[in-house]
Amino acid sequence: MFTGIVTDIGTITTAEQRGDLRLVISCGYDMGGVDLGASIACSGCCLTVVDKGADWFAVDASAETVSKTASGMWTQGRRLNLERALKVGDELGGHIVTGHVDGVGEVLSVEPVGDSHKVTIAAPAALAPYIAEKGSITVDGVSLTVNSVIDASDGRAHFTLNIIPHTWDVTTLAELAAGRVVNLEIDVLARYLKRMEEVRAK
């Protein structure tokens, strides 16, 4: 489990196809305190540490993982939002995040508003029922609050986010631009509420 509070930005230094995709990611973590087999969320995707050095760790991304996440994400030089797994007693600063990507969204626009940035993203139709105004959503591993949501004619949900300067500076969200695709994870509470609604309707 994670909280969606990014604690480092890593960079993919190598990406080698060897059955699964072996990724070596440089980071600022003290890797002496990270065990092999530990989970690290990489731009919202929970991956397992299979090798490590003083300032890097390696993970294997399966074909399933690559197919379900944003295109171009697992390439050499790509910067990733990193978060280590939540420990009992840690502060829950964001919201409960599982590290399982539910779908891929498309950035429609990025606009400066005061010192912040307003970002509009189109979520796939399958995720539209789970996105609500003032609800939580995870974008590339970052816990954010939905400002507004509009159901588009194509079935997708267009939702807006306000990215404050601190979040802009300490995550990869400053790299967002129209046309870029991002990993989305819906709020786990919304998932259960939608399921309860479906069962009651039967």
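In the predicted model, five residue pairs, both members at pLDDT 80 or more, are in polar contact between domain 1 and domain 2. On the side of domain 1 that touches domain 2, the greatest contribution comes from strand β6 (residues 79-84), which supplies four residues. Sorted by class, that side of domain 1 is made up of four nonpolar, five polar and four charged residues.

Across the interface of the two domains, one salt bridge is found. Arg-79 is paired in a salt bridge with Glu-175, and the closest N and O atoms of this pair are 2.6 Å apart, a separation that falls within the 4 Å cut-off applied to such pairs.

The two parts correspond to residues 8-84 for domain 1 and residues 103-201 for domain 2, as given by the domain assignment of the protein. To the contact between them, domain 1 contributes 13 residues and domain 2 likewise contributes 13 residues. The C-alpha centres of domain 1 and domain 2 are separated by 23 Å.

The size of an interface is often expressed as the accessible area that is lost when the parts come together. For domain 1 and domain 2, the buried area amounts to about 970 Å², and carbon and sulfur atoms account for 42% of this area. Within domain 1, the residues that lose the most area to domain 2 are Ala-70, Arg-79 and Asn-81, which together make up 43% of what that side buries.

Methods. Residues are numbered from 1 along each chain as its sequence is written. This is a predicted model: local features need pLDDT of at least 70, side-chain atom pairs count only at pLDDT 80 or more; totals for chains, interfaces and linings use all residues. Side-chain values use heavy atoms; hydrogens and water are left out. Domain bounds come from an automatic or database domain assignment. Contact means heavy atoms within 4.5 Å. Buried area is the accessible area (1.4 Å probe) that two parts lose on being put together, summed over both. A salt bridge is a side-chain nitrogen of Lys or Arg within 4 Å of a carboxyl oxygen of Asp or Glu. A polar contact is a pair of N or O atoms within 3.5 Å; within protein, one must be able to donate a hydrogen and the other to accept it, and residues adjacent in sequence count only if both atoms are side-chain atoms. Helices (H or I, at least four residues) and strands (E, at least two) are DSSP runs, numbered from the N terminus. Ala, Val, Leu, Ile, Met, Phe, Trp, Tyr, Cys and Pro count as nonpolar, Asp, Glu, Lys and Arg as charged, and the others, Gly among them, as polar.
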